[in-house]
Amino acid sequence: MAMNFIFLGPPGAGKGTLASQVAGEYNIPHISTGDIFRANIKNGTPLGVKVKAIIDAGGLVSDEITCELVQDRISQDDCKNGFILDGFPRTIPQAEMLEKIKSDVKVVNFEVDDELIVARLSNRRMCKDCGAIYNIKFHPTKVEGKCDSCGGELYTRDDDKLESITNRLKVYREQTEPLIGFYRPLGKLTDIDSARDSKEVLVDFKKLFPKN
């Protein structure tokens, strides 16, 4: 049976970290909508051309086009055994469309309080050279301000600044959190405490969803 997952949770909940660990352990792709958009634009696919025109004009990509891109991606060979969708669906209409495309999904809801999210994100730093990510509070680098891997300079991304974090959480609460109420009555939702170290979260995940 295919292991199809949707990872739900606020920014900074640790979805991306766990998704890469689960992708490796379960041998299924970690799919983010941002990656799908970029790949289609780069490859000049018909959908990519459409998306690029919308983005260039400063518009928002519609739910229909986003769903088309996701449908195309999850129909590819590497998704035969399953996939992890991270960042999709973001809204109830997207979730309703996905139900028609692919209804056999397990939804994992990452639970973490706002205070910890702010601590995680506001202390996050990225290497300018290799893109490695650190946290100066929880996982500091050996040399302050320098990347452990390549020695590059660390910086704070704009979306990790306090004002941006507050706004991202507000958008999540308004638009995406209602998905919990959508999936729970369908019996597809599993809550997971992601306030802990990612290694502990992975142990729990593997107990909840044993490999086939």
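Biologist: Let's start with N27: is this residue buried or exposed?
Modeller: In this predicted model, N27 counts as exposed, because its relative accessibility is 61% and the cut-off for exposed is over 50%.

Biologist: Where does N27 lie?
Modeller: N27 is in the loop between α1, residues 15-26, and β2, residues 30-32.

Biologist: And what is its phi?
Modeller: N27 has a positive phi of about 55 degrees, although it is not a glycine. Most residues other than glycine have a negative phi.

Biologist: Thanks! While we're on the backbone, which peptide bond is cis?
Modeller: The one from F88 to P89 is cis, with omega near -5 degrees. P89 belongs to the loop between β3 and α5.

Biologist: Okay, on to the sheets. What is the strand order in the sheet of five strands?
Modeller: The order is β2-β3-β1-β4-β8, in an open sheet with parallel pairing. Its edge strands are β2 and β8, and each of these pairs on one side only. On average, neighbouring strands of this sheet are turned by 25 degrees against each other, ignoring direction.

Biologist: How many residues of β1 are buried?
Modeller: Six of the six, so β1 is largely enclosed by the rest of the structure.

Biologist: Which way do its side chains point?
Modeller: M3, F5 and F7 point one way from β1, while N4, I6 and L8 point the other way.

Biologist: How many bridges join β1 to β3, and how many join β1 to β4?
Modeller: β1 and β3 pair in the parallel sense over five bridges, and I6 has L85 as its bridge partner in β3. With β4, there are four bridges, and the two strands run parallel. L8 stands opposite N109 in β4.

Biologist: And what about β4 and β8?
Modeller: β4, residues 106-111, pairs with β8 in the parallel sense over five bridges. V108 stands opposite T190 in β8.

Biologist: Which strands does α9 lie across?
Modeller: α9 lies across β1, β4 and β8, and it runs at about 155 degrees to β8.

Biologist: Let me switch to aromatics. How many aromatic pairs are there in the whole structure?
Modeller: A search finds nine aromatic pairs. One of them joins F5 and F209 edge-to-face, at 5.1 Å centre to centre with 75 degrees between the planes. This pair links distant parts of the chain: F5 is in strand β1, F209 is in the segment after α9, and they are 204 residues apart.

Biologist: Are F5 and F209 buried or exposed?
Modeller: F5 is buried, with a relative accessible area of 0%. F209 is buried as well, at 8%.

Biologist: What about F7 and F205?
Modeller: They form an edge-to-face pair too, 5.9 Å centre to centre and with 70 degrees between the planes. F7 lies in β1 and F205 in helix α9, so the pair ties together parts that are 198 residues apart in sequence. Both F7 and F205 are buried.

Biologist: Which residues do the ring pairs link into a cluster?
Modeller: The cluster holds F5, F7, Y26, F110, F205 and F209.

Biologist: What sits over the ring of Y26?
Modeller: The charged end of K211 sits there, 5.7 Å from the centre of the ring.

Biologist: Nice. Now helix α5: which of its residues are buried?
Modeller: Q94, A95 and L98 are the buried residues of α5, which spans 92-101. They are on the same side of α5, because they cover an arc of only 100 degrees around the axis.

Biologist: What covers them?
Modeller: The cover includes β1, α4, β3 and α8.

Biologist: Last topic: what is the order of the sheet of three strands?
Modeller: It is β6-β5-β7, an open sheet with antiparallel pairing. The edge strands are β6, residues 133-135, and β7, residues 154-155. β5 and β6 pair over three bridges, and R125 has Y134 as its bridge partner in β6.

Biologist: Which helix lies across β5 and β6?
Modeller: That is α6, residues 114-122, which runs at about 25 degrees to β5.

Definitions and conventions. Residues are numbered from 1 along each chain as its sequence is written. This is a predicted model: local features need pLDDT of at least 70, side-chain atom pairs count only at pLDDT 80 or more; totals for chains, interfaces and linings use all residues. Side-chain values use heavy atoms; hydrogens and water are left out. Rings of Phe, Tyr and Trp (its six-membered ring) pair if their centres lie within 6.5 Å; planes under 30 degrees apart count as stacked, over 60 as edge-to-face and the rest as tilted. Buried means under 20% relative accessible area, exposed over 50%, partly exposed in between (1.4 Å probe, protein chains only). A charge sits over a ring if NZ of Lys or CZ of Arg is within 6 Å of the ring centre and within 35 degrees of the ring normal. The arc is that of the directions from the helix axis to the C-beta atoms. Contact means heavy atoms within 4.5 Å. Two strands pair if DSSP finds at least two bridges between them. Axes are lines fitted to C-alpha atoms, for helices over the stretch in contact, and angles run from 0 to 180 degrees between N-to-C directions.
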